[in-house]
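Please open the model in your viewer and keep the sequence panel beside it. The tour below moves from one selection to the next and says what is to be found at each stop.

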Amino acid sequence: MGLFSRFKKSTPTTDDDVRADDELTDDDEFDAQDADTEAADRADDDADVDEAESAEATETDDDVDEEEALLEKSAPFDRSEKGPFDISEEYPEHDRLDLGALKVPVVDGMQVRLDTDDDSQRVLAVTLIHDGGGIQLQAFATPRSEGLWNTVRGQLAESVTKQGGESTELHTSLGKELAIEVPAKTESGRPGKRAMRFAGIDGPRWFVRAVFSGKAVTDDEVRAELSALFRGVVVDRGEEAMAPRELIALTAPQVDQDEAEEKNDEDELNPFERGPEITEVR
C-alpha cells in the first residue's frame with residue numbers, strides 16, 4: 001500500500017438495474033467486456049501507482065533513518081564513568097590544567113601547546129605532546145539530544161578522498177576512529193604521506209575532537225598514554241546559548257607571579273625533573 005489509500009465510492013443498485021444473464025443483448029455483452037477490461041486496466045494502473053508510492057516511501061524512510069543515525073551521539077559506552085567528563089558529572093581527582101572549557105590532565109614531561117588565532121587571539125585548540133606523540137583537542141557546541149561525530153567523520157573521509165588520500169574507520173576504546181593518510185612532502189621536499197588518526201566523543205551539549213599525530217599514530221604505548229589523557233578531560237560547556245558546531249574557545253591559564261617564582265625555585269632544586277610545559281603558537 002502506498003502513502004495514500006484509495007477508496008472507491010459505489011452507488012446503491014435498484015431492481016431496474018439488475019437483469020438476468022439471458023436478457024443481455026450482444027451490445028450488452030460487449031459493453032460488459034469493455035467495462036471489465038477498463039476495470040482491469042484501472043486496477044493495473046492503481047497497482048503501479050501503489051508500487052511506485054511504496055518504493056518512494058521506502059526510499060524516504062531509508063533517508064530519514066540514515067539522517068537520524070548521523071545525528072545520534074557517538075561515544076564509548078562507559079564515557080560517563082571513564083570520561084571525557086562533563087563538569088556536572090563526578091570525575092576522579094587529577095592534576096589538570098584549567099583552560100576554561102577544557103580541563104586537561106597533565107603529567108611530568110608533557111608539553112602543552114596552545115593554538116591561537118592571529119587576528120582574534122582566541123585559543124582555538126590545545127595540543128598535548130608526550131614521548132614523541134601528540135593529541136590536539138578542540139571542543140564544539142551541540143544540541144542536547146544530537147551528536148556531531150558521525151557527521152564529521154563522514155565529512156573527513158570524503159575530504160581525504162578528494163585529496164587523494166586514504167581513510168579507514170576503526171573501532172577502539174574511544175569508539176569509532178578514522179585513520180587517514182594524505183599526500184604530503186617530506187622534510188627533504190620529496191613526495192610522501194602524512195598519517196593521522198581522528199577520534200571524536202559526543203557528550204551533553206558538547207563534542208570533543210581529538211587528532212593523534214607523530215608516535216601516537218605508530219606507537220601503541222604512546223597512543224595509549226595520550227588516549228588516557230583524553231579520557232581524563234573535563235568539559236565545561238557553559239550555559240550560554242551557542243549554535244550547533246560552534247567552536248568553544250579556550251582560555252589561556254593565568255599563572256600567578258608568586259606561583260611562577262615558586263616553580264622556578266623548584267626547578268633550581270630539581271634540575272633534572274621536567275614538568276608540564278606550555279607553548280603558545282600563533
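## First stop: a loop

Begin by selecting arginine 245, which lies in the loop between strand 11 (234–235) and helix 6 (257–269); helices (H or I, at least four residues) and strands (E, at least two) are DSSP runs, numbered from the N terminus. Arginine 245 has a positive phi of about 75 degrees although it is not a glycine. At 38% relative accessibility, arginine 245 counts as partly exposed, where buried means under 20% relative accessible area, exposed over 50% and partly exposed in between (1.4 Å probe, protein chains only).

Before moving on, please note that this is a predicted model, in which local features need pLDDT of at least 70 and side-chain atom pairs count only at pLDDT 80 or more, while totals for chains, interfaces and linings use all residues. Residues are numbered from 1 along each chain as its sequence is written, and side-chain values use heavy atoms, with hydrogens and water left out.

## The whole chain

Now show the whole protein chain, whose secondary structure comes to 6 helices and 12 strands. Buried residues make up 33% of its 282 residues. If contacts (heavy atoms within 4.5 Å) are taken between residues at least 6 apart in sequence, 62% of them join residues at least 24 apart.

Colour the chain next by pLDDT, the predictor's confidence in each residue, from 0 to 100. The average over the protein chain is 79, and 67% of the residues score at least 70. Over residues 1–33 the pLDDT is below 50, and this stretch has 16 contacts in the model beyond near neighbours in sequence. Residues 269–282 also stay under 50, and for them the model has 31 contacts beyond four places in sequence. Where pLDDT is low, the predicted coordinates should not be read in detail.

Select glutamine 121, in the loop between strand 4 (111–116) and strand 5 (123–130). Glutamine 121 is not a glycine, yet it has a positive phi of about 65 degrees, and with a relative accessible area of 40% it is partly exposed.

Then go to proline 84, which has its place in the loop between helix 2 (79–82) and strand 1 (85–86). The peptide bond that leads from glycine 83 to proline 84 is cis, with omega near 0 degrees.

## Aromatic rings

Which rings should be shown next? Rings of Phe, Tyr and Trp (its six-membered ring) pair if their centres lie within 6.5 Å, and planes under 30 degrees apart count as stacked, over 60 as edge-to-face and the rest as tilted. By this rule the count comes to 3 aromatic pairs. The rings of phenylalanine 85 and tyrosine 91 have their centres 6.1 Å apart and their planes at 40 degrees, so this pair is tilted. Phenylalanine 85 counts as buried at 2% relative accessibility, whereas tyrosine 91 counts as partly exposed at 32%.

For tryptophan 149 and phenylalanine 207, the ring centres are 6.0 Å apart and the planes are at 20 degrees, so the pair is stacked. This pair links distant parts of the chain, 58 residues apart, with tryptophan 149 in helix 3 (residues 149–162) and phenylalanine 207 in strand 10 (residues 206–214). Tryptophan 149 is buried, with a relative accessible area of 0%, and phenylalanine 207 is buried at 2%.

## Helix 5

Select helix 5 (residues 220–231), which has 12 residues and reaches 16 Å from its first C-alpha to its last, close to the 16 Å expected at 1.5 Å a residue; the expected span is 1.5 Å times one less than the number of residues. Its buried residues are Val222, Arg223, Leu226, Ser227, Leu229, Phe230 and Arg231. Arginine 223 lies over the face of phenylalanine 212, at 5.1 Å from the ring centre.

## Last stop: a strand

Finally, select threonine 168 in strand 7 (residues 166–172), which is partly exposed, with a relative accessible area of 44%. Leaving aside neighbours within four places in sequence, threonine 168 is in contact with Glu177, Leu178 and Ala179. The C-alpha atoms of threonine 168 and alanine 179 are separated by 5.1 Å, although the two residues are 11 residues apart along the chain.

Note on methods. Lys NZ or Arg CZ within 6 Å of the ring centre and 35° of its normal.
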